Amino acid sequence: MAVSAVEAQGVTKVFGSGAGEVRALDEVDVAIRQNEFFTLLGPSGCGKTTLLRLIAGFEQPTSGEILLEGQPIAGTPPFRRPVNTVFQSYALFPHMSVAQNVGFGMEMLGKDRRTIAETVERTLDLVKLGGLAGRKPAQLSGGQQQRVALARALANRPKVLLLDEPLSALDLKLRKEMQIELKRLQGETGITFVFVTHDQEEALTMSDRIAVMSAGRILQVGSPTEIYEKPTRRFVADFIGETNFLAAEVVAGEAGSLRVRLPGGRELSVLDAFEHKPGQTVTLAVRPERAELAEGGAEAQLAGRVENLVYFGTDTTYHVGLEAGGGFVVRLQNREGARRRHEVGASVGIRLPAEAVQVLRD
Ligand code: ATP
C-alpha cells in the first residue's frame with residue numbers, strides 16, 4: 001500500500017493550562033492518502049484549524065506525531081515542509097502585482113528570474129487568471145483575489161495543500177464556481193488537498209473522503225456516500241443531512257444481524273456492525289428519503305398520523321406524529337402526474353426497508 005501523504009498518530013493538542021486548559025485535539029489518528037481531496041468537517045471549535053496548523057508546522061503537538069510521506073516532521077520548520085496553506089483571508093501583498101504575489105515564494109527561495117516568470121505564467125493559466133498578471137489585488141474581485149492566493153500556494157508545487165475555509169468569504173454563486181474549480185485544480189495537479197469546512201454540502205460535493213470531527217476527535221472517516229448512507233455515530237448522522245432517530249430494543253442478535261423491537265412493538269431485522277446484544281437499547285438512524293409511507297398499517301413498522309406536509313416541487317416532506325410518541329419525517333419524490341398521496345390528518349404506516357436502517361454505535 002502506498003505511503004500516506006499525511007498521517008496523524010495519537011495527536012493531542014492542549015492550549016493553556018489549569019482552569020483555562022483547552023484540549024483542541026484529543027488523540028487524533030488519521031491517514032490522508034496521496035492525491036486525494038480530503039475534508040475535515042465539523043462545527044466551529046472542533047479542532048479543524050488546529051489540525052491544519054499542526055500539519056503546516058505553525059504549532060507543535062502536545063503529544064503524538066505528524067508524518068509527511070511516512071517521515072516524522074516534528075523538527076522541520078513550516079517553510080521547509082512541502083506544504084502550503086490557503087487561508088480564508090487571502091493575505092495578498094497589496095503593493096505587489098498579481099505576478100509578483102504569485103512569484104514571491106520562489107523569489108524568497110532564490111529561484112532564477114526565468115524559472116519564476118515561466119512558473120507564474122503557467123500557474124496563472126491554471127487558475128484562469130492569464131490576462132491579469134499586471135494588476136494589483138485592489139483591482140480584482142473577491143473571487144479573483146482568491147484565485148491569486150491559490151496560484152501563490154500552488155506555484156512551488158507543494159506535496160500537500162492545506163485549505164482553511166477558503167471559500168467562506170465568497171458569495172453563494174462564486175462559491176459554487178470555486179468549488180468546481182478547486183476540484184478541477186486538485187485533479188489536474190495531483191496535489192493532496194486537505195480542506196477545512198463546517199459546510200456539510202460543500203464537504204459532500206467536493207471530497208474523495210471526509211473526516212467528521214467533534215470536540216477534538218475524529219468520529220468517522222469515509223467517502224461522502226459512506227458518511228451519508230452509513231453514519232456510525234449519532235453526531236455524524238445528525239450533522240450531515242436530516243435523520244430520524246429511533247430507540248429500539250434488541251430482542252435477538254448474532255453474526256452482524258439483529259432483531260429489534262421498535263417503538264409501538266413491531267419487530268425488524270437489521271444489520272449491525274457493532275455486536276450489540278439482546279436486551280440492549282440501540283439507536284437506529286433512518287434518512288427521510290429512505291422511509292416509505294403506506295396507507296394501511298399491515299406491512300408498516302411504525303404507525304402514525306400526518307401532522308404537516310411541505311411541498312418542495314421535486315419532493316414532499318411529511319411530518320408524522322407516531323402513535324408510540326415522537327415524530328418521524330418521510331420525504332417522497334413527486335413523480336410526474338402523481339398527486340399528493342397523504343393529506344394532513346391521515347393515518348399512515350411507515351415502512352422501513354432493512355437497508356434503510358443504520359444501527360449506530362452509540
Ligand atoms: P472554526 O471553524 O471556528 O475555525 P475549528 O474547528 O477550526 O473552528 P480550532 O480553531 O481548531 O477549531 O479550535 C479548537 C479549540 O481550540 C477551540 O476551543 C479554540 O478556542 C481553541 N484554540 C485554538 N487555538 C487556540 C490558541 N492559540 N489558544 C487557546 N485556545 C485555542
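Me: Which strand and which helix each supply at least two residues of the shell around the ligand?
Reply: Strand S2 (22-32) and helix H1 (48-56). This is a predicted model, by the way.

Me: Which one gives the most?
Reply: H1 does, with 3 residues of the shell.

Me: How many residues surround the ligand, and which are the closest?
Reply: There are 13 residues around the ligand. The closest are Phe-15, Ala-24, Ser-44, Thr-49 and Thr-50.

Me: How many of the shell are nonpolar, polar or charged?
Reply: Polar residues number 8. Another 4 are nonpolar, and 1 is charged.

Me: OK, zoom out. How many helices and strands are in the protein?
Reply: The protein has 8 helices and 20 strands. Its C-alpha trace spans about 80 × 50 × 45 Å along the principal axes.

Me: What does the domain assignment give?
Reply: Domain 1 covers 6-235, and domain 2 covers 242-359. Their centres, taken over C-alpha atoms, are 40 Å apart.

Me: What share of the residues is buried?
Reply: Of the 362 residues in the protein, 36% are buried.

Me: And what about contacts between residues at least 6 apart in sequence: what share joins residues at least 24 apart?
Reply: That share is 65%.

Me: Sheets next. What is the order of the open sheet with 6 strands?
Reply: The order is S6-S7-S8-S3-S9-S10, and the pairing is mixed.

Me: Which strands stand at the edges there?
Reply: S6 and strand S10 (217-222). Each has a single partner strand, so one side of each is left without a neighbour in the sheet. On average, neighbouring strands of this sheet are turned by 20 degrees against each other, direction ignored.

Me: Back to S6. Do S6 and S7 pair parallel or antiparallel?
Reply: They pair in the parallel sense, over 4 bridges. Within that pair, Asn-84 has Leu-161 of S7 as its bridge partner. Val-86 has Leu-163 of S7 as its partner.

Me: Are the residues on the faces of S6 buried or exposed?
Reply: Both faces of strand S6 (residues 83-86) are covered. Val-83 and Thr-85 are buried on one side. Asn-84 and Val-86 are buried on the other.

Me: Which helix lies across S6 and S7?
Reply: H4 does, and it runs at about 175 degrees to S6.

Me: Now the sheet of 5 strands. What is its order?
Reply: This open sheet runs S15-S19-S16-S17-S18, with antiparallel pairing. Strand S15 (292-294) and strand S18 (327-333) stand at the edges. Each has a single partner strand, so one side of each lacks a neighbour in the sheet. The twist averages 45 degrees from one strand to the next.

Me: Over how many bridges do S16 and S19 pair?
Reply: Strand S16 (residues 302-311) and strand S19 (residues 347-351) pair over 4 bridges, in the antiparallel sense. Gly-304 has Val-348 of S19 as its bridge partner.

Me: Switching to backbone angles. What is phi of Glu-69?
Reply: Phi of Glu-69 is near 45 degrees, a positive value in a residue other than glycine.

Me: Where does Glu-69 lie?
Reply: Glu-69 lies in the loop between strand S4 (63-68) and strand S5 (71-72). Glu-69 counts as partly exposed because it has 16 C-beta neighbours inside 10 Å.

Me: And what is phi for Arg-157?
Reply: Phi of Arg-157 is about 50 degrees, which is positive although Arg-157 is not a glycine. Arg-157 lies in the loop between helix H4 (142-154) and strand S7 (160-164).

Me: Why does Arg-157 count as partly exposed?
Reply: Because Arg-157 has 13 C-beta neighbours inside 10 Å. The exposed class needs 12 or fewer.

Me: Last one: Asp-362. Where is its place?
Reply: Asp-362 is in the segment after strand S20 (357-359). With 10 other C-beta atoms within 10 Å, Asp-362 is exposed.

Me: Which residues is Asp-362 in contact with, leaving aside neighbours within four places in sequence?
Reply: Asp-362 is in contact with Arg-233 and Arg-234.

Me: What separates the C-alpha atoms of Asp-362 and Ser-347?
Reply: The separation is 32 Å, and the two residues are 15 apart along the chain.

Key:
Residues are numbered from 1 along each chain as its sequence is written. This is a predicted model: local features need pLDDT of at least 70, side-chain atom pairs count only at pLDDT 80 or more; totals for chains, interfaces and linings use all residues. A residue is near a molecule or strand if its C-beta atom, placed from the backbone, lies within 6 Å of it. Ala, Val, Leu, Ile, Met, Phe, Trp, Tyr, Cys and Pro count as nonpolar, Asp, Glu, Lys and Arg as charged, and the others, Gly among them, as polar. Domain bounds come from an automatic or database domain assignment. Two strands pair if DSSP finds at least two bridges between them. Axes are lines fitted to C-alpha atoms, for helices over the stretch in contact, and angles run from 0 to 180 degrees between N-to-C directions. A residue is buried if 20 or more other C-beta atoms lie within 10 Å of its own, exposed if 12 or fewer, and partly exposed in between; C-beta atoms are placed from the backbone. Two residues are in contact if their C-beta atoms, placed from the backbone, lie within 7 Å.
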